[in-house]
Amino acid sequence: MDGSTQGCTAQLAPPSRYRDTGHCKGENEGRSNYKSPKDIADSLRGLWRTRGWRFQLHANGNEAQQWAVDVIAELQRERVNPHPVLFIHHTVGTEDVARKLSSLREGTYVTSDGAAVPRVDARVTHLIGHVAYWGDSFERILGAEARNLDPIGFERRHGIPFSLHSDSTVTPPRPLWFVEQAVTRRTWAYPDFKKSYVLGPEHAATVEEALRAITLEPARQHELEAWLGAPRGGTASAPARRTARVSPSSGPSWPLFTNPPPSTGLLSVLYFAARLPSRPSLISRRERVAATAPSARRREPGSQSSKPMN
């Protein structure tokens with residue numbers, strides 16, 4: 001729906017705007033990749049009405065987030081889609097958008113023309129590396145509104161589930177580092193890293209919230225919780241036992257890196273939707289794989305042993 005906040009192409013609205021004190025001078029309220037929410041709804045309507053697609057919308061700026069709410073509300077009012085809707089990045093936060101997302105989730109949202117909207121399973125995912133890599137830069141380009149970057153505090157208050165991601169290759173896909181950033185909210189200033197501070201402490205996650213945001217919640221957002229997400233022994237998501245220092249008051253520790261990792265570039269996605277296979281098809285695929293595995297094949301009399309060679 002919009003571009004990159006640090007790339008000066010997020011779609012913003014008051015109180016957020018690009019200041020003249022940073023590298024986005026003259027960009028004002030950024031831009032959208034579409035003319036209006038109607039254009040977006042028109043492009044998605046055909047797939048939405050099938051009720052077989054899971055929708056994920058790229059929305060960095062607070063105005064892009066508002067447009068996303070408008071689009072989803074309009075489509076859900078026309079035909080109920082039971083699958084999760086994911087707001088990707090959800091970077092420049094406002095409490096007003098958080099309230100509206102909460103209303104969508106509760107089934108109490110009402111459009112501007114007074115129409116009630118059936119419940120939407122709306123969720124968000126944050127590129128939490130924004131805080132560490134670009135937090136100080138965001139203060140220069142957004143001013144005081146930078147403290148509401150990746151606004152977990154708003155989401156906690158209004159009951160909105162969130163996950164954490166890397167947007168690889170924008171930041172390294174290291175989940176325990178996501179946890180540290182969400183809990184400490186520490187940022188640093190390029191190029192010498194001597195300046196480091198906490199950005200928006202009211203949006204710091206608890207350790208439990210951050211761990212859920214890299215395990216159970218991503219699985220739920222992609223409707224994979226039957227197979228992934230629960231961190232218990234014997235499952236695909238059972239975590240390795242590791243130790244990381246995450247105290248917000250102890251200063252930057254960066255336990256997963258010798259030095260803070262360098263920025264690796266920018267990536268922008270308009271939107272995408274993933275076709276949902278039925279569970280029986282997943283099971284049958286596994287059964288087919290098992291049936292064709294060497295250990296499952298019948299051996300003819302006199303055939304050589306299947307014992308592996310050392």
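In this predicted model, Tyr133 is buried, with a relative accessible area of 1%. Trp177 is also counted as buried, at 0% relative accessibility. The structure holds seven aromatic pairs. Tyr133 and Trp177 form an edge-to-face pair, with 5.4 Å from centre to centre and 70° between the planes. This pair links distant parts of the chain. Tyr133 lies in helix α4 and Trp177 in helix α6, 44 residues apart.

A further pair is formed by Trp188 and Phe193. Their ring centres are 5.9 Å apart and their planes stand at 80°, so this pair is edge-to-face. Trp188 is buried, at 2% relative accessibility. Phe193 counts as partly exposed because its relative accessibility is 31%, between the limits of 20% and 50%. Ring pairs join Tyr133, Trp134, Trp177, Trp188, Tyr190 and Phe193 into a cluster.

Helix α4 covers residues 129-142. Twelve of its 14 residues are buried, so the helix is largely enclosed by the rest of the structure. The buried residues include Tyr133, Trp134, Gly135, Ile141 and Leu142. Among the elements that cover them are β3 (122-127), α6 (175-184), β5 (186-188) and β6 (196-198).

Helix α4 is not straight. A kink of about 70° is centred on Gly135. A straight helix of 14 residues would span 20 Å, but α4 spans only 17 Å between its end C-alpha atoms. Gly143 follows α4 and has a positive phi, near 70°.

Leu142 belongs to the largest nonpolar core, which has 61 residues. Leu142 is among the residues with the most contacts inside this core, together with Tyr18, Leu57, Phe87, Leu101 and Leu104. Beyond four places in sequence, Leu142 touches Thr5, Leu12, Arg17, Tyr18, Arg19 and Val92.

Ala182 counts as buried, at 0% relative accessibility. Leaving aside neighbours within four places in sequence, Ala182 is in contact with Ile128, Ile152, Leu164, His203, Ala204, Ala205 and Ala210. Ala182 and Ala213 lie 31 residues apart in sequence, and their C-alpha atoms are 9.6 Å apart in space.

Notes:
Residues numbered from 1 in each chain as written. Predicted model: local features only at pLDDT ≥ 70, side-chain atom pairs only at ≥ 80, totals over all residues. Heavy atoms only, no water. Core = buried A, V, L, I, M, F, W, Y, C linked by side-chain atoms within 4.5 Å. Buried < 20%, exposed > 50% of the residue type's maximum accessible area, 1.4 Å probe, protein only. Contact = heavy atoms within 4.5 Å. Helix = DSSP H or I, 4+ residues; strand = E, 2+ residues; numbered from the N terminus. Expected span 1.5 Å × (residues − 1). Bend = angle between axes of the 7 residues up to and from the residue. Phe/Tyr/Trp six-rings, centres within 6.5 Å; stacked < 30°, edge-to-face > 60°.
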